[in-house]
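This report walks through one protein chain, from single residues to the whole. Please look over the sequence and the structure before reading on.

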Amino acid sequence: MSRFSCFYVFCLFFYAHHSGCASDLFLNDTEVRRIVINRADYKTIVDVCSQQITEPFLLEQVTFDADVVIQENELRYLVELHKNTIVSPQELANSISYLFKKNKFVTITCTVQPGKHRSCVHFDLCGLWIFQKLKIKGIFIGKDTYQQYYMLDSGDIFDDDKHNHSVKKILEIIKAEGYCGAHIDEKIERNDNTKTVCVTLTLNKGSRYTINNDIGLILYGTKSHPEDIPIFKKKLQRFYLKNFVGVYYTKETLNKETCAFKQYLAKKGYPFATVELKEHVDSKHKRIDLTFKIDLQNKKEFLFTGNTFFSSGLLSESMLVFGQSTWLLPASILAEEIEGMYKKKGFFDIDVEATEESDACYFTIDEGARYIIKKITFKGVEHFDHHYLRKKFFSSSMRSKWYDQDRLEKSIDCLLSYYFQQGFWSASLLQQEFNCIGKKNEYEVVITLDECERSYVSSVYIDSDEFIPLRGPLRKVSKETIQPCTVHLIQNQKQWIWDYLKKKDFTDVHVQPDIVQDGSDVMLTWKVDVRRAHVDFGKTVLVEDGNFPFEYVLRELQYKDGDCWDRQRLKDSLLKLKRWDLFDHIYFYPDSELDANGKRAIILKLKQDDPFELRMRGGIGLINMGRTYKFRGVMYTAGGTFLYRNPTNRADLFRLELDFSRTQQVMQAAYLRPWVFNMPLDGLFQVYANKFKYPGLIHGQRNLYSVLQQGFLASLTHKRKRAYFTGNIGVEWMKTKISDEKNEGRIFNRRVARAINFEPELLDKKIPYFYYEPTLYVNYLDDQLYPTHGSLTVLSVKGMVPIGKVNAASYFVKLLAEQSFFVPMRSWVFALRGRAGYIIHRHFRNIMPSERFYLGGAHSIRGYDTDMCPPLGKLLNDEGEIEFVPQGGKAMLQGTVELRFPLYKNLGGVVFQDCGYLSGGLWPDMLKGDLLAATGVGLRYKTPIGPLCFDIAVKWLKRESSLPRYAWFLTFGHAF
């Protein structure tokens with residue numbers, strides 16, 4: 001409570017005790033005021049409360065009574081009437097209006113009971129029946145298809161008429177798919193405590209009906225050409241009715257074939273033919289008997305001779321555009337229509353003779369030669385280069401050579417639009433001429449334009465009650481700064497005014513230009529209407545289908561009651577709630593009306609997802625398909641994820657993941673919970689048992705070694721708007737084992753350990769580690785998938801300390817820093833990334849191979865295959881040849897420079913330079929080694945889930961003759 005409010009309450013008490021005027025707070029201190037508001041009349045709350053409560057009163061307490069289960073803390077948040085505060089009629093009305101916004105109550109009764117000095121307020125809430133959830137049973141696939149026809153959504157008021165209509169519609173859709181004997185069993189469950197309705201629809205489709213092979217076809221109605229009936233009957237049965245034989249019955253197929261009947265008959269001269277379909281359901285044999293009755297009526301067809309460019313079928317279809325009225329038009333008008341079609345394609349010497357008889361129209365066509373566009377010239381064009389205009393707007397016409405009116409008109413429209421954008425507002429086409437050059441059918445198109453005067457901005461004025469400086473694109477116009485009045489300039493000025501007022505916290509802004517032209521001078525006046533400034537957030541009204549804790553939702557919101565309106569805060573709140581993975585859908589939308597305090601309430605609609613979910617996945621893939629790897633066969637992959645959402649009703653999540661393939665086995669069980677210790681920290685507790693196999697050899701077909709990781713970890717994550725910090729702590733048992741598939745024994749193990757530079761005594765030993773890993777991410781990217789500007793910073797420290805004295809020498813601390821920058825250059829993007837890492841440990845041989853730094857691959861130095869940057873070890877393969885094995889390093893420095901540019905639509909290109917150092921020694925020794933570098937190019941195809949990338953790069957220096965000079969990669973996602 002503010003100091004002023006406390007002082008006001010103190011004065012009120014003093015006045016009431018010493019003057020005995022406590023009863024003056026009401027007209028009658030013994031009268032109980034009861035306000036009853038129905039949902040349909042809640043907009044009159046202010047007037048009703050002002051009539052019943054004429055004076056402010058001092059509040060003692062607020063109580064609630066509802067016939068539905070609702071959280072009391074949510075009610076108190078919406079009402080927000082506090083003890084020992086002065087309550088006005090407007091504040092009481094505002095509280096009632098917020099309760100109605102929940103869309104859960106049909107009647108609210110507010111009772112004000114006056115006391116000796118203070119009054120009590122009691123709310124009686126009468127709830128509505130609210131639709132909560134729709135369950136569809138009886139099918140496994142296609143539930144979403146039928147759910148979209150149900151008219152009620154979660155949180156809506158349950159309506160029996162809408163429910164019955166939806167069930168009827170779903171049944172119609174099922175029967176239209178061929179399940180003619182289907183029926184729906186519906187079950188409506190009403191919860192009296194929460195007044196919610198759950199609907200369960202059991203779809204009993206039964207067998208799908210087929211179409212009887214014996215389809216009836218009856219043709220009649222033509223008197224002038226009775227010989228057509230057997231011909232049509234034979235062709236319809238051969239080309240159309242055979243499509244029904246042995247297929248499932250669907251309404252879509254029937255309608256499609258019926259339209260095909262009509263089109264075919266119209267082409268054959270029966271435009272007035274009608275098709276009647278009769279269906280008979282044979283429930284015993286699960287089939288549909290069809291009979292088509294076709295009334296041909298009168299015949300009238302089009303016959304064409306002499307046409308080569310347009311087929312007779314295409315000409316007939318063009319005539320049928322007029323519908324049945326086509327046969328009522330004179331043949332001369334139809335001939336003109338045909339001539340127009342030809343002239344649009346460059347046949348200007350076309351001649352069409354039409355002869356009309358009682359049952360046919362004959363058209364004799366002399367096409368003539370088609371015009372060829374050899375040259376396009378301009379007249380009246382003084383401000384722009386002719387070659388530039390020809391190349392920019394008429395390149396398609398020049399490439400095709402043949403005259404095409406639609407293409408040429410489109411090019412001229414684009415040309416005039418370009419003039420308008422450049423300030424020539426009155427530019428127009430005066431004439432379009434054809435001059436014969438060279439051969440008879442070769443022509444030059446002469447386009448004559450009237451450019452008129454170019455418009456220049458002579459003055460800029462701001463018509464607004466709010467002061468707006470003439471800066472940026474609105475800067476004062478002088479002889480030196482005078483510029484053409486283009487569409488781009490007007491858009492820039494409007495955007496600048498909008499951004500300026502937005503920074504001043506104005507939200508409801510209307511900006512409209514008023515343009516007055518005097519010759520070439522343009523006086524530009526901006527009429528700015530700031531209708532309301534400083535619109536603030538009101539309360540958040542939660543509309544949800546369950547009993548999810550309201551306080552958990554409230555603490556995730558990135559705005560508070562009374563904050564200045566900002567749509568970005570709504571987006572941030574949406575992302576905060578989405579990360580829980582608890583809701584099927586989340587909707588934020590502002591209320592259409594302001595509350596009594598001039599604030600705009602936010603309606604938040606949540607629909608909880610199913611508490612249990614099982615996701616299965618599987619697939620196959622090819623192993624080692626790179627140029628440097630041999631084909632090893634087909635690799636299976638299978639797995640699944642089990643989710644248990646909100647098990648303790650604290651917005652938590654239990655997740656179990658299993659993935660198996662020939663190269664890895666992943667088993668993880670995790671428990672996630674936000675706001676640990678009632679602080680903005682996301683908690684994670686995870687137990688895992690993973691096994692990864694590493695190829696090791698370049699040309700070999702065996703896995704060189706495998707790493708087993710078993711343990712548990714606890715993690716806390718604190719997220720801010722642009723950065724988040726994660727701290728992991730746990731215990732892990734790690735084991736490195738040589739994949740000795742041929743039982744070559746200890747000698748082979750030592751050879752492999754020597755090749756990868758690893759201590760042989762640590763092989764096949766499960767070493768327990770205590771580890772900690774704090775990580776800091778700072779993200780200023782404008783887009784996560786396709787960044788164009790901004791930066792990304794990653795700082796990580798990982799320390800692993802062996803438990804026990806036996807393997808105490810295998811401790812290490814791993815440091816990693818990464819920094820990326822993105823700089824836009826119009827449509828191009830310049831990208832730069834640098835990485836540095838170092839492992840603090842005395843002996844490199846004691847560092848686990850899986851924890852070392854490696855370079856090479858699609859995300860580091862792309863001239864080398866994955867992890868194949870030196871230093872490399874040597875090992876004899878099965879054929880007695882020397883193979884190279886990646887050893888990794890304890891010191892790493894790597895940098896990448898990319899230039900990304902668009903090519904065509906969603907296709908882009910990139911030129912890149914990768915370089916770096918990798919060493920198994922100390923940090924100063926790393927720079928004494930050779931520079932690892934590769935230069936390459938790539939393609940990027942934009943997809944909704946990220947870019948599909950193809951990169952190919954060439955090494956600067958080839959150290960070993962057996963290693964390739966280049967490498968290529970096909971991946972999803974940018975290199976960084």
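## Thr258 and its surroundings

Thr258 touches Val275 and Phe292, not counting residues up to four places away in sequence; contact means heavy atoms within 4.5 Å. Thr258 sits in helix α8, residues 251-267. Helices (H or I, at least four residues) and strands (E, at least two) are DSSP runs, numbered from the N terminus. Thr258 counts as buried because its relative accessibility is 16%. Buried means under 20% relative accessible area, exposed over 50%, and partly exposed in between (1.4 Å probe, protein chains only).

## Basis of the model

This is a predicted model, in which local features need pLDDT of at least 70 and side-chain atom pairs count only at pLDDT 80 or more, while totals for chains, interfaces and linings use all residues. Residues are numbered from 1 along each chain as its sequence is written, and side-chain values use heavy atoms, with hydrogens and water left out.

## Overall form

The chain has 18 helices and 42 strands. Its radius of gyration is 39 Å, whereas a compact globule of 976 residues would have one near 30 Å. That radius is taken over C-alpha atoms, and the globule rule is 2.2 Å times the number of residues to the power 0.38. Along the principal axes, the C-alpha atoms fill a box of roughly 105 × 105 × 90 Å.

Of the 976 residues, 42% are buried. Among contacts with a separation of 6 or more, 61% join residues 24 or more positions apart. The chain carries 131 positive and 117 negative side chains, and the centres of the two sets lie 8 Å apart. Lys and Arg count as positive and Asp and Glu as negative; His and the chain ends are not counted. Each charge is placed at NZ of Lys, CZ of Arg, CG of Asp or CD of Glu.

## Nonpolar cores

The largest nonpolar core has 55 residues. Such a core is a set of buried Ala, Val, Leu, Ile, Met, Phe, Trp, Tyr and Cys residues joined through side-chain atoms within 4.5 Å. Leu92, Val121, Phe123, Phe588 and Leu604 have the most contacts inside this core. Helix α4 (residues 89-101) gives the most to it, with 6 residues. Apart from this core lies another, of 39 residues, among them Met734, Ile738, Tyr769 and Phe844.

Leu604 has contacts beyond four places away in sequence that include Thr540, Val553, Leu577 and Phe588.

## Loop residues

Gly346 lies in the loop between α10 (331-344) and β14 (351-356). Gly346 is buried, with a relative accessible area of 0%. It touches Ala369, Arg370, Tyr371 and Tyr403, leaving aside residues up to four places away in sequence. Gly346 and Tyr552 are 206 residues apart along the chain, and their C-alpha atoms are separated by 71 Å.

Tyr786 is in the loop between β32 (767-779) and β33 (790-802). Tyr786 and Lys942 are 156 residues apart in sequence, yet 8.8 Å apart C-alpha to C-alpha. Beyond four places away in sequence, Tyr786 touches Lys942, Thr943, Gly946, Pro947 and His974.

## Backbone details

The peptide bond from Pro870 to Pro871 is cis, with omega near 15°. Pro871 belongs to the loop between β35 (828-840) and β36 (872-876). Asp867 lies in the loop between β35 and β36. Its phi is near 65°, a positive value in a residue other than glycine. Asp867 is partly exposed, at 26% relative accessible area.

Lys286 has a positive phi, near 55°. Lys286 is found in the loop between β11 (274-282) and β12 (287-295). With a relative accessible area of 36%, Lys286 is partly exposed.
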